[in-house]
Protein chains: 2
Amino acid sequence: MAVASLSRNSNIALPIHPIAMSLLVVGSIAFDSIQTPKDQRERVMGGSGTYGSIAASFFAPVRLVGVVGNDWPKANWDFLLNRGIDLTGVAVAEHAKTFYWLGRYTPDLCDRETLEIELNAFQHFDPVIPHAFRDTPYVFLANTPPAIQLRVIDQLKNPQMVFADTVDLWIETMRPELLSVLRRIDGLLINDVEARQLTELDNVIAAGKAIQRLGPTFVIIKRGEHGAMFFGPDGVGVLPSYPVENIVDPTGAGDSFAGGMMGYLAGLGSTSPTDLKTAMAYGALVASFAVENFSIERLEQIDRAAIEKRMASYRAMLQV
Amino acid sequence: MAVASLSRNSNIALPIHPIAMSLLVVGSIAFDSIQTPKDQRERVMGGSGTYGSIAASFFAPVRLVGVVGNDWPKANWDFLLNRGIDLTGVAVAEHAKTFYWLGRYTPDLCDRETLEIELNAFQHFDPVIPHAFRDTPYVFLANTPPAIQLRVIDQLKNPQMVFADTVDLWIETMRPELLSVLRRIDGLLINDVEARQLTELDNVIAAGKAIQRLGPTFVIIKRGEHGAMFFGPDGVGVLPSYPVENIVDPTGAGDSFAGGMMGYLAGLGSTSPTDLKTAMAYGALVASFAVENFSIERLEQIDRAAIEKRMASYRAMLQV
């Protein structure tokens, strides 16, 4: 496995504040094939690290760590570089293909089933954080097995804010490792079903508080189209999702939410609960764009100004 | 069936603005027996009209129209009168008992089943709006069969704002009457499952807009703990529910939401979309109190100041 020699393309001007801090994103990089009731796509760009880093790149310089196979096309490298994403930490597995996922959504787009999954290069992913990245102040551990998240945490030097995402599979099969992750991060992102599963509590607020007691100062419970709940040192709150009438493909919504949120925080250089709430709102808006088309097609079309315009409308909506 | 000769007890000072307009509430008045995983109550005060009028009474003078049987206790009359609710329009069926419902909630409190239902006096409910009430400017038609809602609408004189609530049973069994109601009201309250059922559209935003095309200027889609969506002349919005950790009994949450909302609007004397959104927030807060205990036990304990305190916290929560 060789580390790619591609570095950040600093010629691309993104409207990021000059003193924005960097965000390290570690996650999967994948080809997705997606079937929805109305349309489908084959082998489009996907993966938790991909969505997370693209979403974050609206707000801060992003460093992506992950692995691809020998079939990852130049167009995909170029797209990520053009977003200002530093790919020094993306390894290329020379004798394997890229992680592949084929999924089909239910008619209401609220659920999906995995029809095919090939871990390929991701199966032996052992993240090596480039030395120059180890002191990145903001870190988003997108969904990967908690053992991998722990390997990353071991390599970090004095991070200011580390958030991790997880899914039901790890709660079932790697609970001890996940509990170790919880003791070593500042914030956890998890959906409501998983929060209940992790804590065995029916009430989602009780579940969020119980997760805080397992370690993280912040817990964010994602509820898809119903928004997100946040648990911080000052209590509990909830923010709605931005209403989207024409949801085309929900894939990557959670990762876009998390990436947008972490990118905004890094861009601001803040770790305060108040700014985290605003960051969640930005995350929700990036996710609201992401679901408007397949893969990263919609995110490709928008810029920070489009996000700010939607933010103004979101703020007006919440003015009561 | 005799009309009760109880009139509004004007000695009870409620902090309602002196120029507040009145709200007419028409709905069921019932005994509820409720079983939750942790506790239960027998024959407590319930019904859509009861919850709706009590919730509204924090904000405006309320006139309730409904029917009870010969077993409705004096304590219940007194409670409603003490809330400043005018009961002139509540008929007493001398040879029948009061509507009775026995329900049991699922462990997560998200669903319930009806174990027993006795319509009793409500079976032949034919609402007669007292002449003095017919020009009430604000009207909330709480959940009753749409044929009854039409009978009420026929008796109204130039109302400023009429909202109706409905449920799945009437969409299934009385669709033509419900469609007639929709053509004659300003706003419909409906939950998300019912909105999809009524319109046969999967997307809740598309469903809300489709309902607007059936008549009402405003559509409010209730989503329980996930908040509510509003559809007005200026577009679509969504507000979250106030997070409640200790939900004891969800019965009447939707009616409390609607009653609080309509009461606030009447108290303000407004029909503007902006004020309606604020009214929805007040409705959500009254509902958040209502679910904190069985029946109207929690609403009995609070006053307008408690609602305003929670409103300040809700507004802070939505500040992003």
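Predicted model: local features only at pLDDT ≥ 70, side-chain atom pairs only at ≥ 80, totals over all residues.

Biologist: Fine. With that cut-off, do the copies meet through the same surface or through different ones, and why do you say that?

Modeller: Through the same surface, because 100% of the interface residues of chain B are interface residues in chain A as well.

Biologist: How many residues of each chain are in contact?

Modeller: 34 residues of chain B touch 34 residues of chain A. Together the chains bury about 2500 Å² between them, and carbon and sulfur atoms give 58% of that area.

Biologist: Which three residues of chain B supply more of its buried area than any other three?

Modeller: His226(B), Glu245(B) and Val320(B), which supply 28% of the area that chain B buries against chain A.

Biologist: And what rotation superposes chain B on chain A?

Modeller: A rotation of 180°, with 0.0 Å of shift along its axis and an RMSD of 0.0 Å. The two copies are therefore related as by a two-fold rotation axis.

Biologist: OK, switching to helices. At what angle do helix 3 and helix 5 of chain A pack?

Modeller: About 35°, and their axes are 8 Å apart. Helix 3 covers residues 146–155 of chain A, while helix 5 covers residues 175–182.

Biologist: Left-handed or right-handed crossing?

Modeller: Left-handed, as helix 3 of chain A passes helix 5 of chain A.

Biologist: Which residues meet there?

Modeller: From helix 3 of chain A, Pro146(A), Ala147(A), Gln149(A), Leu150(A) and Ile153(A). From helix 5 of chain A, Glu177(A), Leu178(A), Ser180(A) and Val181(A). By class, that contact has 6 nonpolar, 2 polar and 1 charged residues.

Biologist: What's in the loop between helix 5 and strand 11 of chain A?

Modeller: Asp186(A) is found there. Asp186(A) counts as partly exposed because its relative accessibility is 25%. Leaving out residues up to four places away in sequence, Asp186(A) touches Gln160(A), Met161(A), Val162(A), Pro216(A), Thr217(A) and Phe218(A).

Biologist: Then there's Asp192(A). Buried or exposed?

Modeller: Buried, with 15% relative accessibility. Asp192(A) lies in helix 6 of chain A, residues 192–199. Beyond four places in sequence, Asp192(A) touches Val204(A), Ile221(A), Lys222(A) and Arg223(A).

Biologist: Over to chain B. How many of the 10 residues of helix 7 are buried?

Modeller: 7 of the 10, so helix 7 of chain B (residues 204–213) is largely enclosed by the rest of the structure. The buried ones are Val204(B), Ile205(B), Ala206(B), Ala207(B), Gly208(B), Ala210(B) and Ile211(B).

Biologist: What covers them?

Modeller: The cover includes helix 6 of chain B, along with strands 11, 12, 13 and 14 of chain B.

Biologist: Last one: where does Trp101(A) sit?

Modeller: In strand 7 of chain A, residues 99–105. Trp101(A) is buried, at a relative accessible area of 9%.

Biologist: What is Trp101(A) in contact with, leaving aside neighbours within four places in sequence?

Modeller: Phe31(A), Asp32(A), Ser33(A), Ile34(A), Arg112(A), Thr114(A), Glu116(A), Ile117(A) and Thr251(A). As for Gly46(A), Trp101(A) is 55 residues from Gly46(A) in sequence and 8.7 Å away in space, C-alpha to C-alpha.

Key:
Residues numbered from 1 in each chain as written. Chains lettered and ligands numbered in written order. Heavy atoms only, no water. Axes fitted to C-alpha atoms, helices over the stretch in contact; angles between N-to-C directions. Helix = DSSP H or I, 4+ residues; strand = E, 2+ residues; numbered from the N terminus. Left-handed = near helix turned anticlockwise from the far one by under 90°. Contact = heavy atoms within 4.5 Å. Nonpolar A, V, L, I, M, F, W, Y, C, P; charged D, E, K, R; others polar. Least-squares fit on C-alpha atoms with pLDDT ≥ 70 in both. Buried < 20%, exposed > 50% of the residue type's maximum accessible area, 1.4 Å probe, protein only. Buried area = accessible area lost by both parts, 1.4 Å probe.
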